[in-house]
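Here is a short report for a reader new to this structure. Please look over the sequence and the model, then read on.

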Amino acid sequence: MRLSAAQTSLLLAVMMLRSEQTRARVSIKTLKLLSRRVRLHWAFAQEVREELEVNHRLIMFEIDSGGYGVVSAKAVEAAKPLTAKSWLTEVERSSIRKGKAKWSDFEAELPSDAEPSDDE
């Protein structure tokens, strides 16, 4: 019998608590095993994400190497804030507000393996 997204998220939350970690990787294989599913559909993974966030204050996201990352919301809440005023110059912020930003300048700062944003 397959487990629901709520049951699967509960198991993941217990595993995170027992591990005493604030972040972890979870493979697709592990999610299949926990949920007792042969195939892991995107919609089910999305339901698990929502259950984790709403009921267990955990954030789950896909990672490039396959599987998912799980992070405690508490760990993120304790992180230092990332503000535009601290990390973008006044000239850059002004050009963004005016719609005249040179996006290629920002892209040039990133490593070449970073994927471009859809916000252009």
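At what angle do α1 and helix α2 (residues 28-35) pack, and how far apart are their axes? The angle is about 120°, and the axes lie 9 Å apart. That makes α1 oblique to α2. The crossing of α1 past α2 is right-handed. On the α1 side, the contact is made by Thr8, Leu11, Leu12 and Met15. On the α2 side, Thr30, Leu31, Leu34 and Ser35 take part. By class, this contact of α1 with α2 has 5 nonpolar residues, 3 polar ones and no charged ones.

This is a predicted model, so a word on confidence belongs here by definition of pLDDT as the predictor's confidence in each residue. The protein chain has a mean pLDDT of 92. In that chain, 93% of the residues reach 70 or more. Among the elements, α1 has the highest mean pLDDT, at 97. Helix α4 (residues 73-77) has the lowest, at 90.

The axes of helix α1 (residues 5-19) and helix α3 (residues 42-56) come within 8 Å and cross at roughly 60°. That makes α1 oblique to α3. The crossing of α1 and α3 is right-handed. From α1, the residues that meet α3 are Ala5, Ala6, Thr8, Ser9, Leu10, Leu12 and Ala13. From α3, they are Phe44, Glu47, Val48, Glu51, Leu52 and His56. The contact of α1 with α3 divides into 8 nonpolar, 3 polar and 2 charged residues.

Now the strands. An open sheet is formed by 3 strands in the order β1-β3-β2, with antiparallel pairing. Its edge strands are β1 (23-26) and β2 (58-62), each of which pairs on one side only. Neighbouring strands in this sheet are turned against each other by 20° on average, direction ignored.

How many bridges join β2 and strand β3 (residues 68-72)? The two strands pair in the antiparallel sense over 5 bridges. Methionine 60 has valine 70 in β3 as its bridge partner. The hairpin of β2 and β3 has 5 residues between the strands. In that hairpin, glycine 66 takes a positive phi near 105°.

α3 lies across β2 and β3. Against β2, α3 runs at about 155°.

Definitions and conventions. Residues are numbered from 1 along each chain as its sequence is written. This is a predicted model: local features need pLDDT of at least 70, side-chain atom pairs count only at pLDDT 80 or more; totals for chains, interfaces and linings use all residues. Side-chain values use heavy atoms; hydrogens and water are left out. Axes are lines fitted to C-alpha atoms, for helices over the stretch in contact, and angles run from 0 to 180 degrees between N-to-C directions. Helices (H or I, at least four residues) and strands (E, at least two) are DSSP runs, numbered from the N terminus. Angles under 35 degrees count as roughly parallel, over 145 as roughly antiparallel, 65 to 115 as roughly perpendicular and the rest as oblique. A crossing is left-handed if the near helix is turned anticlockwise from the far one by less than a right angle, and right-handed if clockwise. Contact means heavy atoms within 4.5 Å. Ala, Val, Leu, Ile, Met, Phe, Trp, Tyr, Cys and Pro count as nonpolar, Asp, Glu, Lys and Arg as charged, and the others, Gly among them, as polar. Two strands pair if DSSP finds at least two bridges between them. pLDDT is the predictor's confidence in each residue, from 0 to 100.
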